[in-house]
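Okay, thanks everyone, let me put my structure up on the screen. I'll go from the overall picture down to a handful of residues.

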Amino acid sequence: MIWTGLDIATALSEALDNRPTKSPIFFLCSEQTHSLCLNLLEMAELTVPASHIMTVSDGETAKTLNTCETIFHWLQTQGALRNALLIN
C-alpha cells in the first residue's frame, strides 16, 4: 500500500489500527530519511522501540547482499515473524 498527501501520519495511524493482526512493526530507513521517519512516528503518535528502527547507508553501494543479510539478521534477533510489518 502507498500513501500520499499531507496527512500521511493520520492515514498511517488509522491503517495500523485497522490491520487484522497486531504483529510487531519495524521501520527500515536510510541515513537520509531517518529523521523523516522519526518525525512521522511522532506525528502519528506511534510508540516504536528504538530496536525496531534500522538505518542503512545511503546510495547504490549499500544495496548489496550483505546489507540484505544484515537486515534479515536484525529482524530475526528482534523476534520478527512472518506476520510482522516492515515499513520502508
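Before I give you a surface number, a word on where it comes from: accessible areas here are from the Shrake-Rupley method with a 1.4 Å probe. And please keep in mind that this is a predicted model. With that said, the protein exposes about 6,400 Å², and carbon and sulfur atoms supply 57% of that area.

So what's the fold made of? We have 3 helices and 3 strands, and going from the N terminus the order is α-β-α-β-α-β. The radius of gyration comes out at 14 Å, close to the 12 Å from the globule rule for 88 residues, so the protein is as compact as a globular protein of that length.

How much of the protein counts as buried? That's 30% of the 88 residues. As for contacts, take those with a separation of 6 or more: 69% of them are accounted for by residues 24 or more positions apart. On charges, there are 4 positive and 9 negative ones, and their mean positions sit 13 Å apart.

Okay, on to individual residues, and I'll begin with H52. You'll find H52 in the loop between α2, residues 34–43, and β2, residues 53–56. Is H52 buried or exposed? H52 is buried, because its relative accessible area is 12%, and the cut-off for buried is under 20%. Who does H52 touch, if we leave aside its neighbours within four places in sequence? The list is P24, I25, F26 and F27, plus W74 and Q78.

Next up is T67, which sits in helix α3, residues 65–77. Have a look at the side chain of T67: it reaches the backbone oxygen of A62 at 2.5 Å. A62 turns up again in the contacts of T67, together with V56, once neighbours within four places in sequence are left aside.

Over to helix α1, which covers residues 8–17 and holds S13. S13 counts as buried because its relative accessible area is 18%, again with the limit at under 20%. If you want a sense of distance across the model, S13 and N83 are 70 residues apart in sequence, and their C-alpha atoms are 18 Å apart in space.

Last stop, helix α2, where I picked two residues. L38 is one of them, and M43 is in this helix too. What is the relative accessible area of L38? It's 31%, so L38 goes down as partly exposed. M43 comes out at 48%, so M43 is also partly exposed; the exposed class starts over 50%.

From L38 to D17, 21 residues apart along the chain, the C-alpha separation is 19 Å. From M43 to I87, 44 residues apart along the chain, the C-alpha atoms are separated by 16 Å.

That's my tour, so let's open it up for discussion.

Notes. Residues are numbered from 1 along each chain as its sequence is written. This is a predicted model: local features need pLDDT of at least 70, side-chain atom pairs count only at pLDDT 80 or more; totals for chains, interfaces and linings use all residues. Side-chain values use heavy atoms; hydrogens and water are left out. Helices (H or I, at least four residues) and strands (E, at least two) are DSSP runs, numbered from the N terminus. Buried means under 20% relative accessible area, exposed over 50%, partly exposed in between (1.4 Å probe, protein chains only). The radius of gyration is taken over C-alpha atoms; the globule rule is 2.2 Å times the number of residues to the power 0.38. Contact means heavy atoms within 4.5 Å. Lys and Arg count as positive and Asp and Glu as negative; His and the chain ends are not counted. The place of a charge is taken as NZ of Lys, CZ of Arg, CG of Asp or CD of Glu. A polar contact is a pair of N or O atoms within 3.5 Å; within protein, one must be able to donate a hydrogen and the other to accept it, and residues adjacent in sequence count only if both atoms are side-chain atoms.
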